[in-house]
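Welcome! Take a look at it first, and then read on topic by topic.

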Amino acid sequence: MSTLQYNRLCFHLKLAILWMFFSGAVFCIHVFASTTEVKTNSDAGKFIMKSYFENYESLHDSSFEDFMAHQLSSSLCQGIPDNWNVGVRLSVRELSLVGEGSHRHLSSSIRLQIGAASIPKLPAHLCEVIVIQRLPLGVFADPFELQNPHKHKAFRDIAVFGDTNLELPSFQSNRSAVEFHIDAGFNILFMQNNGTEFNLLLPLHARYQPLDESGYSVVEIGEPDMLMRCSVEGKQHKQSCLFMSPPNEKAKSTSATVAWKIPAGMKAHAGFVSVITFVTALLSTLSIVYASMFWSGTKVSKT
C-alpha cells in the first residue's frame with residue numbers, strides 16, 4: 001500500500017473516530033437534558049399537566065395528588081353560579097392491556113354521568129372531558145405516534161408531559177403522563193340516564209428494564225385521573241369551570257390496576273452477553289478497516 005493510500009486511510013479513520021465522539025457527546029447532552037413536553041397543539045395553556053410541571057420538576061404520585069387537591073381545586077370553577085348542582089360523575093368501567101410483547105395498548109372505558117336537571121344548563125357545545133393517564137417507570141408513550149389519532153379528530157387535544165426521551169432505559173428515565181381532551185358536547189346533549197361512555201386506546205412501549213434474577217420486571221399501571229371542563233362566554237373574556245367527581249362517589253373499575261410483565265436481563269448472563277457484544281463489535285470494526293484498505297487499493301475504471 002502506497003504512502004498516499006496509507007495517509008487517506010488514516011484520515012478516514014480519524015474522521016470516523018471524531019464522528020463517534022461527536023455522536024456520543026450529543027447523546028449524553030440529550031440524556032441529561034431537562035424534562036420536556038411534546039404537544040400536538042400550540043395552545044398549551046389549557047393543559048393541566050403543563051401547570052403541574054411549572055411547579056414540580058418530575059412526576060410523583062404524592063406531588064400530583066397534592067396539586068389536584070389544593071392548587072387545582074382552588075380554581076375549579078369560574079363564571080358558573082354556585083347554586084348549580086351539576087353532579088358530574090366520571091368513572092373507569094374497564095382498564096386492560098391489549099396485545100403482546102414490548103408494544104401494547106392500554107384500553108380504558110370511561111363513563112360520564114351528569115345530573116338530569118343540570119344537563120340543560122351546561123354549555124354543552126363547550127364542554128370537554130380531560131383524562132390524565134400517569135405512566136409508571138419502565139413504560140412510555142411515543143408523542144409522535146400519538147399525532148396519528150389526533151389528525152383523525154379522535155381527540156380535541158392530546159399531549160405527552162414528563163420524560164419523552166424514547167431511548168433511555170428504565171433506571172435512567174423519569175415518569176411521564178399523557179393528557180387527553182375529548183369533546184363531550186354532543187354526548188351531553190343526547191345523554192341518557194345511565195350516562196355516556198368514551199373508549200380510549202393508548203399505545204405504550206416498554207423500556208429496557210434493570211437486571212432481575214427472575215428474568216422479568218412487573219410494571220403496574222393505575223386508573224387515569226378525570227375531569228370535565230366547560231367554558232362559558234363571559235362579559236369580558238371566556239371563563240371556565242372544572243368538575244371532578246367527589247372522592248366518595250368515584251366508582252372503581254373491574255380492574256383498578258393492570259400489570260405488565262416485561263422481560264429483563266438476568267445478572268447471571270451479563271458476563272456472557274458482554275463478551276459476545278465485545279467480540280461482535282471488534283469483528284465489525286476489523287471488517288470496516290479491511291474493507292477500507294481493500295477499497296483504497298482498488299483501481300476504479302472510467303466507466
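## Briefing

In an unreviewed entry, UniProt lists residues 12–33 and 271–295 under "transmembrane region"; UniProt positions are given in the numbering used here, feature names are shortened, and annotations may be inferred rather than shown by experiment. This is a predicted model, in which local features need pLDDT of at least 70, side-chain atom pairs count only at pLDDT 80 or more, and totals for chains, interfaces and linings use all residues. Residues are numbered from 1 along each chain as its sequence is written, and side-chain values use heavy atoms, with hydrogens and water left out.

**A helical stretch**

- Residues 271–295 are 100% helix and 0% strand, with the end C-alpha atoms 36 Å apart.
- Helices (H or I, at least four residues) and strands (E, at least two) are DSSP runs, numbered from the N terminus.

**Aromatic rings**

- The structure holds six aromatic pairs, where rings of Phe, Tyr and Trp (its six-membered ring) pair if their centres lie within 6.5 Å, and planes under 30 degrees apart count as stacked, over 60 as edge-to-face and the rest as tilted.
- Tyrosine 52 and phenylalanine 67 form an edge-to-face pair, because their ring centres are 5.6 Å apart and their planes stand at 80°.
- Tyrosine 52 belongs to helix H2 (residues 48–53) and phenylalanine 67 to helix H3 (residues 61–72), so this pair ties together parts that are 15 residues apart in sequence.
- Ring pairs link Tyr52, Phe53, Tyr56, Phe64 and Phe67 into a cluster.
- Elsewhere, the charged end of lysine 261 sits over the ring of tyrosine 216, 4.7 Å from its centre; the rule asks for NZ of Lys or CZ of Arg within 6 Å of the ring centre and within 35 degrees of the ring normal.

**Strands and their partners**

- Four strands make an open sheet in the order E2-E3-E8-E5, with antiparallel pairing; two strands pair if DSSP finds at least two bridges between them.
- Strand E2 (89–98) and strand E5 (139–140) are the edge strands, each pairing on one side only.
- E5 is joined to strand E8 (residues 196–206) by two bridges, and phenylalanine 140 has histidine 205 in E8 as its bridge partner.
- In strand E7 (residues 176–183), seven of the eight residues are buried.
- E7 pairs in the antiparallel sense with strand E4 (residues 127–135) over eight bridges, and arginine 134 stands opposite alanine 177 in E7.
- Six bridges join E7 to strand E6 (residues 157–162), again antiparallel, and valine 160 has valine 178 in E7 as its bridge partner.

- On a 1 Å grid over the protein atoms alone, a cavity is a set of points where a 1.4 Å probe fits but cannot get out, a pocket is an open set with protein on both sides within 12 Å along at least five of seven lines, and lining residues have an atom within 4 Å of a point.
- The second largest pocket has a volume of about 340 Å³, a volume being the space filled by probe spheres set on the grid points, which are joined across faces, edges and corners.
- Of the 18 residues that line this pocket, Ser102, Ala206, Arg207, Tyr208 and Gln209 are the closest to its centre.
- Two cavities of 30 Å³ or more are found in the whole structure, and the largest cavity has a volume of about 50 Å³.
- The largest share of the lining of the largest cavity, three residues, comes from E8.

Note on methods. Buried < 20%, exposed > 50% of the residue type's maximum accessible area, 1.4 Å probe, protein only.
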